[in-house]
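Subject: Structure for you to look at

Hello,

Here is the structure I promised to pass on. Please open it beside this message and follow along.

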Amino acid sequence: MGYAVVQNDKESGLWLRFTNGDAEAFAEIYENYVGILYNYGYHIAPDAPLVQDAIQELFMNLWQTRKNLSATTSIKYYLFRSLRRQIHRLRETAERYDALPDTDKSPFLPYTLSAETLRIESETAEEQIRNLQKALLRLPARQIEAIRLRFFEGFELHEVASIMQMNEQSVRNLIQRSIRKLRQVFDFLPLLLTFCNFL
């Protein structure tokens, strides 16, 4: 049995326990995902109190509506999509921000790249990653979000499209434009070619 199948079974089981009212399963979901949710949320809206409120409300709503939630094999996908919606709601209600822009007015790449998805073994590779982080800051916000979701968080293209509320071809085009821009500025061909293989 492959790792993905085992992981999906584990996620399904944990989610089922939670929806059946298991408080320990709920706590495990929270502990497993609160950190990456905060990083992703802060990327969307660099406002710590807003992101914290959105995460708190997300988990409160999850617990309150647990009996009505459908099954899932990817808790991470479900939470990312829900958090993005929650942040939009809070921003509109609080009138702190306009809707997310298509162009980048305040580019932001939070903290460090995920150690889970990028295991760098050599100093040369680490230097490439540092340089890539700087290069990503030059991209529009939506391009950064698409790249982060696809390559650093490991979502499939259709999942990225669903999270970002775009069609799959638009996401593919967004990522390809990002990679072309990065190629023009920096010599990351081996790393970028690896990215292209995931498209």
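This is a predicted model: local features need pLDDT of at least 70, side-chain atom pairs count only at pLDDT 80 or more; totals for chains, interfaces and linings use all residues.

What pattern does the protein chain follow, read along the sequence? The pattern is α-α-α-α-α-α-α-α-α.

The whole chain

The protein chain has 199 residues, and 42% of them count as buried. Its accessible surface comes to about 11,300 Å². Carbon and sulfur atoms hold 49% of that surface.

The core

The largest nonpolar core has 48 residues. Ile-29, Leu-37, Leu-62 and Leu-79 have the most contacts inside this core. Which helices supply at least two residues each? They are α1 (3-19), α2 (23-44), α3, α4 (75-94), α5 (123-136), α6 (141-152), α7 (157-164) and α8 (168-185). The largest share is nine residues, and that share comes from α2.

Pick out Leu-37 on your screen. Leaving aside residues up to four places away in sequence, Leu-37 touches Ile-55, Leu-58, Phe-59, Leu-79, Phe-80 and Leu-83.

Helix α3

Helix α3 covers residues 48-64, which makes 17 residues. From its first C-alpha to its last, α3 reaches 24 Å. That is close to the 24 Å expected at 1.5 Å a residue.

Which residues of α3 are buried? The list is Leu-50, Val-51, Ala-54, Ile-55, Leu-58, Phe-59 and Leu-62. Look down the axis of α3 and you will see these buried residues fall within an arc of 160°, so they line one face of the helix.

Gln-64 also lies in helix α3. Is Gln-64 buried or exposed? Its relative accessibility is 59%, so Gln-64 counts as exposed. Now find Gly-21. Gln-64 and Gly-21 are 43 residues apart in sequence. In space they are 9.9 Å apart, C-alpha to C-alpha.

The aromatic rings

A search of the whole structure finds 11 aromatic pairs. One of them joins Phe-26 and Phe-59, and this pair is edge-to-face. The ring centres are 6.0 Å apart, with 70° between the planes. Phe-26 lies in helix α2 and Phe-59 in helix α3, so the pair ties together parts that are 33 residues apart in sequence.

Both partners are worth checking for burial. Phe-26 has 18% relative accessibility, so Phe-26 counts as buried. Phe-59 has 4% relative accessibility, so Phe-59 counts as buried too.

Ring pairs also build a cluster. Its members are Trp-15, Phe-18, Phe-26, Tyr-30, Phe-59, Trp-63 and Tyr-78.

A residue to check

Last, go to Gln-165. Where does Gln-165 lie? This residue is in the loop between α7 and α8. Most residues other than glycine have a negative phi. Phi of Gln-165 is near 60°, a positive value in a residue other than glycine. At 56% relative accessibility, Gln-165 counts as exposed.

Best wishes

Definitions and conventions:
Residues are numbered from 1 along each chain as its sequence is written. Side-chain values use heavy atoms; hydrogens and water are left out. Helices (H or I, at least four residues) and strands (E, at least two) are DSSP runs, numbered from the N terminus. The expected span of a helix is 1.5 Å times one less than its number of residues. Buried means under 20% relative accessible area, exposed over 50%, partly exposed in between (1.4 Å probe, protein chains only). The arc is that of the directions from the helix axis to the C-beta atoms. A nonpolar core is a set of buried Ala, Val, Leu, Ile, Met, Phe, Trp, Tyr and Cys residues joined through side-chain atoms within 4.5 Å. Contact means heavy atoms within 4.5 Å. Accessible areas come from the Shrake-Rupley method with a 1.4 Å probe; for residues, only the protein chains shown count as cover. Rings of Phe, Tyr and Trp (its six-membered ring) pair if their centres lie within 6.5 Å; planes under 30 degrees apart count as stacked, over 60 as edge-to-face and the rest as tilted.
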